[in-house]
Amino acid sequence: MDFLFLFNSVLLGAALAMDAFSVSLANGIHEPFMKMRRITLIAGTFGFFQFLMPLAGWICVHWILDIFKSLLPYIPWMALILLCTLGILMIKDGLSGQEEEVCPETDFKCLLIQGLATSMDALSVGFTIASYGMAQAAASSFIIGLVTFFICFAGILLGRRFGMKLADKATMAGGFILIGIGLEIFLTA
């Protein structure tokens, strides 16, 4: 595992966590006296989904690549298009100023929906890390999940304290990071 791999995985985790960060802020606002155990559960749920989705995407790509080997040269193009599209959508979302939709009380069902909804973009990251071996894909997914956990943990705490003032800026920052990683993958392929 080299520095660039670790750096890219951490950046992917930070970029992908921005939607979950926004929802975490909202959860912190809705439950200002949330206990640490609940904060850990919420952040852990977001981290788990952010870990699971890139790995699921990687598995899908490798199943498809076994059937369609001719797609391999197009992976850098797919990574560029997917990450730039996601980045632009996140920037657009951040500029719109609309709050993330959150359940009034974050019960377990709502938390699972939040985790799944905020990690759908992470599924496409599995397509962009298709050139990794299984161990690297699992390590990258784990790093993405871990980064998401800590960002969401901080998001809940910040939400309890400062409110939604940070949510739009975080989403836009995540979009710019995804575009940068897409360009890096494309230019180094």
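Tutor: Contact here means heavy atoms within 4.5 Å. This is a predicted model, in which local features need pLDDT of at least 70 and side-chain atom pairs count only at pLDDT 80 or more, while totals for chains, interfaces and linings use all residues. Residues are numbered from 1 along each chain as its sequence is written, and side-chain values use heavy atoms, with hydrogens and water left out.

Student: Which residues is Gln50 in contact with, leaving aside its neighbours within four places in sequence?

Tutor: Gln50 is in contact with Leu16, Ala17, Thr118, Ser119, Ala122, Ser141, Ile144, Gly145 and Thr148 once those neighbours are set aside.

Student: Why is Gln50 called buried?

Tutor: Buried means under 20% relative accessible area, exposed over 50%, and partly exposed in between, with a 1.4 Å probe and protein chains only. Gln50 has a relative accessible area of 0%, and is therefore buried.

Student: Why is Leu4 called partly exposed?

Tutor: Leu4, which is found in helix H1, has a relative accessible area of 42%, so Leu4 is partly exposed. A helix is a DSSP run of H or I with at least four residues, numbered from the N terminus.

Student: What makes a nonpolar core, and which residues of the largest one touch the most other members?

Tutor: A nonpolar core is a set of buried Ala, Val, Leu, Ile, Met, Phe, Trp, Tyr and Cys residues joined through side-chain atoms within 4.5 Å. In the largest, which has 20 residues, Val125, Ile129, Tyr132, Ala137 and Ile151 touch the most other members. The largest share of this core, eight residues, is supplied by H1.

How values were computed: Helix = DSSP H or I, 4+ residues; strand = E, 2+ residues; numbered from the N terminus.
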